[in-house]
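Here is a colleague's note in numbered points, to be read beside the coordinates.

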Amino acid sequence: MTEVEKRPTFALADCRNDIAKAMNPPTPVPDIVEAFLEAIDAEVPALVEGLYLVGSVALSDFRPPRSDIDFIAVTANQPDAACLVALERVHTRLQERWQRPFFDGIYVTWHDLADDPARAGSGPYSHEGLFH
């Protein structure tokens with residue numbers, strides 16, 4: 001029996017299903033993510049240079065209403081005081097519009113992503129609807 005014949009036949013089908021789920025996240029994930037990106041770009045254009053969805057959304061295990069939308073937002077530099085106020089406003093508006101799921105995540109720089117995670121300091125983050 002060849003290697004190809006030994007492989008489980010369900011693997012490719014499962015992989016395609018996972019990809020389809022990841023590319024079509026469940027409602028309200030796309031609406032919340034789009035609202036966040038539009039709001040932060042309106043407040044501070046180009047502050048968020050990258051946005052990665054992680055956790056249950058990325059793993060195709062999102063289960064409303066229990067799951068949160070977990071993210072890592074990447075900025076060029078650490079947000080200054082004015083940017084932090086803008087981020088808090090954006091997160092407050094999201095929370096007022098959608099009480100659940102929470103839009104929880106951290107803000108890091110590209111440098112933070114490339115650096116040793118053990119050396120990462122604490123930065124701004126959102127948890128259970130509150131911006132810190």
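**Notes on the model**

1. Arginine 93 has a relative accessible area of 38% and therefore counts as partly exposed (the class between buried, under 20%, and exposed, over 50%, with a 1.4 Å probe and protein chains only as cover). The model is a predicted one, in which local features need pLDDT of at least 70 and side-chain atom pairs pLDDT 80 or more, while totals for chains, interfaces and linings use all residues. Residues are numbered from 1 along each chain as its sequence is written, and side-chain values use heavy atoms, without hydrogens and water.

2. Arginine 93 and glutamate 43 meet through their side chains in a salt bridge, 3.3 Å from N to O (a salt bridge is a side-chain nitrogen of Lys or Arg within 4 Å of a carboxyl oxygen of Asp or Glu). This pair links distant parts of the chain, with glutamate 43 in helix 3 and arginine 93 in helix 4, 50 residues apart. Helices (H or I, at least four residues) and strands (E, at least two) are DSSP runs numbered from the N terminus.

3. Glutamate 43 also forms a salt bridge with arginine 89, where the closest N and O atoms are 2.5 Å apart. Arginine 89 lies in helix 4 and glutamate 43 in helix 3, so this pair ties together parts 46 residues apart in sequence. Glutamate 43 is partly exposed at 25% relative accessible area, and arginine 89 is partly exposed at 38%.

4. Aspartate 68 and arginine 100 form another salt bridge, at 3.1 Å from N to O. Aspartate 68 sits in the loop between strand 1 and strand 2, and arginine 100 in the loop between helix 4 and strand 3, 32 residues apart. Aspartate 68 is buried at 18% relative accessible area, whereas arginine 100 is partly exposed at 36%. The salt bridge count comes to five.

5. The chain has five helices and five strands, in the order α-α-α-β-β-α-β-α-β-β from the N terminus. The five strands form an open, mixed sheet in the order 1-2-3-4-5 (two strands pair if DSSP finds at least two bridges between them). Strand 1 (48-54) and strand 5 (130-131) are at the edges with a single partner strand each, so one side of each has no neighbour in the sheet.

6. Strands 2 and 3 run parallel and are joined by seven bridges; valine 74 has valine 108 in strand 3 as a bridge partner. Six of the seven residues of strand 3 are buried. Strand 4 (residues 125-127) pairs with strand 5 in the antiparallel sense over two bridges.

7. The largest nonpolar core has 24 residues, and Phe36, Ile69, Leu94, Phe103 and Tyr107 have the most contacts inside it (a core is a set of buried Ala, Val, Leu, Ile, Met, Phe, Trp, Tyr and Cys residues joined through side-chain atoms within 4.5 Å). Helix 3 (29-43), strand 2 (69-75), helix 4 (81-97) and strand 3 (103-109) each supply at least two residues of this core. Helix 3 gives the largest share, seven residues.

8. Which residues does phenylalanine 36 touch, not counting residues up to four places away in sequence? Phenylalanine 36 touches Val48, Leu51, Val90, His91, Leu94, Phe103 and Tyr107 (contact means heavy atoms within 4.5 Å).
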